[in-house]
Amino acid sequence: MATFWFAAGLADRLPAGDYRLADPLPTAQEFALGWAYGSYRFLQYRPQSSASRGARLLLPTGIDRDYVEAATLATSLARNLVNTPPND
């Protein structure tokens, strides 16, 4: 689980650009999920121009891309529901 939280912290702290894992990582899928979790931004009430590109992870080979995308979408939806005020 430590890999998840390390990656979540990297997504917000690295300068804008594309990143990839140089060496194979046994927990690459966990790393990719953590990166996506750390990249989440609630932008519902911000102008479109404020959504900066930031750091992106190029998905490593050997992971289940469909699972990572589905888990990221589900997590983002849940976080959006939590962050949206009840009167909206």
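# Exercises on a predicted fold

At 25% relative accessibility, Y19 is classed as partly exposed; buried denotes under 20% relative accessible area, exposed over 50%, and partly exposed the range in between (1.4 Å probe, protein chains only). The model is predicted, so local features need pLDDT of at least 70 and side-chain atom pairs count only at pLDDT 80 or more, while totals for chains, interfaces and linings use all residues. Residues are numbered from 1 along each chain as its sequence is written, and side-chain values use heavy atoms, with hydrogens and water left out.

## Exercise 1. Overall architecture

Determine which pattern of secondary structure the protein follows along the sequence.

*Solution.* 

Step 1. Helices (H or I, at least four residues) and strands (E, at least two) are taken as DSSP runs, numbered from the N terminus. The protein has three helices and two strands.

Step 2. In sequence order these give α-β-α-β-α.

Step 3. Along the principal axes, the C-alpha atoms occupy a box of roughly 45 × 25 × 20 Å. Of the 88 residues, 25% are buried.

Step 4. Contact requires heavy atoms within 4.5 Å. Among contacts with a separation of 6 or more, 84% are made by residues 24 or more positions apart.

## Exercise 2. Aromatic pairs

Classify the pairing of Y19 with W35 from its ring geometry.

*Solution.* 

Step 1. Rings of Phe, Tyr and Trp (its six-membered ring) pair if their centres lie within 6.5 Å; planes under 30 degrees apart count as stacked, over 60 as edge-to-face and the rest as tilted. The structure contains six such pairs. For Y19 and W35 the centres are 6.1 Å apart and the planes stand at 45°, a tilted pair. This pair joins distant parts of the chain, with Y19 in strand 1 and W35 in helix 2, 16 residues apart.

Step 2. W35 has a relative accessible area of 6% and is therefore buried. The rings of F31 and W35 also form a tilted pair, because their centres are 6.3 Å apart and their planes at 40°. F31 and W35 lie four residues apart in helix 2, which means about one helical turn.

Step 3. F4, W5 and Y37 form an aromatic cluster. A charge sits over a ring if NZ of Lys or CZ of Arg is within 6 Å of the ring centre and within 35 degrees of the ring normal; R79 lies over the face of Y37, 4.2 Å from the ring centre.

## Exercise 3. Salt bridges

Find how many salt bridges the whole structure holds.

*Solution.* 

Step 1. A salt bridge places a side-chain nitrogen of Lys or Arg within 4 Å of a carboxyl oxygen of Asp or Glu. The search finds two.

Step 2. R41 bridges to D12, with the closest N and O atoms 2.6 Å apart. R41 is in the loop between helix 2 and strand 2 and D12 is in helix 1, 29 residues apart.

Step 3. R56 and D18 form a salt bridge at 2.9 Å, N to O. R56 belongs to strand 2 and D18 to strand 1, 38 residues apart. R56 is partly exposed at 38%, and D18 is partly exposed at 42%.
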